[in-house]
Amino acid sequence: MRRKLIAGNWKMNGSLAANAVLLDGIKSELSQASCDVAVCVPSPYLAQCKSLLSGTSIKWGGQDVSVHESGAYTGEVAAAMLNDFDCAYVIVGHSERRSYHGESSELVAAKAVRAIKSGLIPIVCVGESLEEREAGKTESVVGMQLDAVLSVIDAGDCSKMVIAYEPVWAIGTGKTATPQMAQDVHAVLRARVASKSASAAETIQILYGGSMKPDNAKELLAMQDIDGGLIGGAALKAADFLAIIRSA
Ligand code: PEP
């Protein structure tokens, strides 16, 4: 039985004051969480997470990582810097980075490798656009996005990452994939992992992301191959995030 992971993606939201209220709200109710919980926050708030979450069961992480080790890469954040703040996770290949920053699947794969080599767990996001879904290309699109990663990591490292299936048309739109739609794609993704490592396919956590909310989380999380959620908007309200955690 795979343990579920509920990970918040704060995106470019927050302030020191608002984060303190949010994290206090989550912490105060979380002692009995029966799943893994994490928040992926803007880099300036990693120090705050380290200070407020150390010693709790909540892990934290970044939202992107550079492929480079260090040097003249203005604006980038190195894996070693995420290590400095005791991050457990880092999101790579979120659709907002793929579309607004032109990140290719090859770059995303290189970032995943960099994260794994640095002891961080990459949350590798894959997902199709509405146009691609309507053209019947969902499996081939997410398959290619995942294969780019699988082709450059060692089989033994497949279990050191998390996959997030995030249909682009469901992110921040209030539209959610039905549990069966999501399950179908998750099963395809797990089969792809199995072709590289059968044992990793058994244990790898494949999260669903895309307008997961307290009122739809339970049925999504009940599906066989849905091992948790990557949560955007609903991760910014303690009550909603906690309700999703309780559903897991
Ligand atoms: C996300 O951006 O990863 C996400 C899933 O956002 P939302 O939950 O707001 O759709």
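Q: Which residues of H1 are buried?
A: In this predicted model, the buried residues of H1 are Asn19, Leu22, Leu23 and Ile26. Buried means under 20% relative accessible area.

Q: What puts these residues on the same side of H1?
A: Around the axis they cover an arc of only 95°, so they lie on the same side of H1. In general, an α-helix has 3.6 residues a turn, so residues three or four places apart point the same way.

Q: Which exposed residues does the face of H1 turned away from its buried side carry?
A: That face carries Ala17, Val21 and Ser28. Exposed means over 50% relative accessible area.

Q: What do the buried residues of H1 pack against?
A: Their partners are strand E2 (36–40), H2, strand E3 (58–62) and helix H11 (238–247).

Q: How do you know that the span of helix H1 agrees with its number of residues?
A: Helix H1 covers residues 16–29, which is 14 residues.

Q: Why is glutamine 48 called buried?
A: Its relative accessible area is 13%. The cut-off for buried is under 20%, so glutamine 48 is buried. Glutamine 48 is part of helix H2 (residues 46–53). Apart from neighbours within four places in sequence, glutamine 48 is in contact with Ser15, Leu16, Asn19 and Ala20.

Q: What makes strands E5 and E6 a pair?
A: Two strands pair if there are at least two bridges between them. Four bridges join E5 (residues 121–126) to E6 (residues 162–165), and the two strands run parallel. Valine 126 stands opposite tyrosine 165 in E6. Helix H7 (residues 138–150) lies across E5 and E6, at about 155° to E5.

Q: In what order do the eight strands close into a barrel?
A: The order is E1-E2-E3-E4-E5-E6-E7-E8, with parallel pairing. From one strand to the next, the twist averages 25°.

Q: Which residues touch the most other members of the largest nonpolar core?
A: They are Ile26, Val39, Met161, Ile163, Leu189, Tyr208 and Phe241, out of 67 residues in this core. Helix H5 (residues 105–117) gives the most to the core, with six residues. A second, separate core has 13 residues, including Leu5, Ala38, Ala164 and Leu207.

Note on methods. Residues are numbered from 1 along each chain as its sequence is written. This is a predicted model: local features need pLDDT of at least 70, side-chain atom pairs count only at pLDDT 80 or more; totals for chains, interfaces and linings use all residues. Side-chain values use heavy atoms; hydrogens and water are left out. Axes are lines fitted to C-alpha atoms, for helices over the stretch in contact, and angles run from 0 to 180 degrees between N-to-C directions. Contact means heavy atoms within 4.5 Å. A nonpolar core is a set of buried Ala, Val, Leu, Ile, Met, Phe, Trp, Tyr and Cys residues joined through side-chain atoms within 4.5 Å. Buried means under 20% relative accessible area, exposed over 50%, partly exposed in between (1.4 Å probe, protein chains only). The expected span of a helix is 1.5 Å times one less than its number of residues. The arc is that of the directions from the helix axis to the C-beta atoms.
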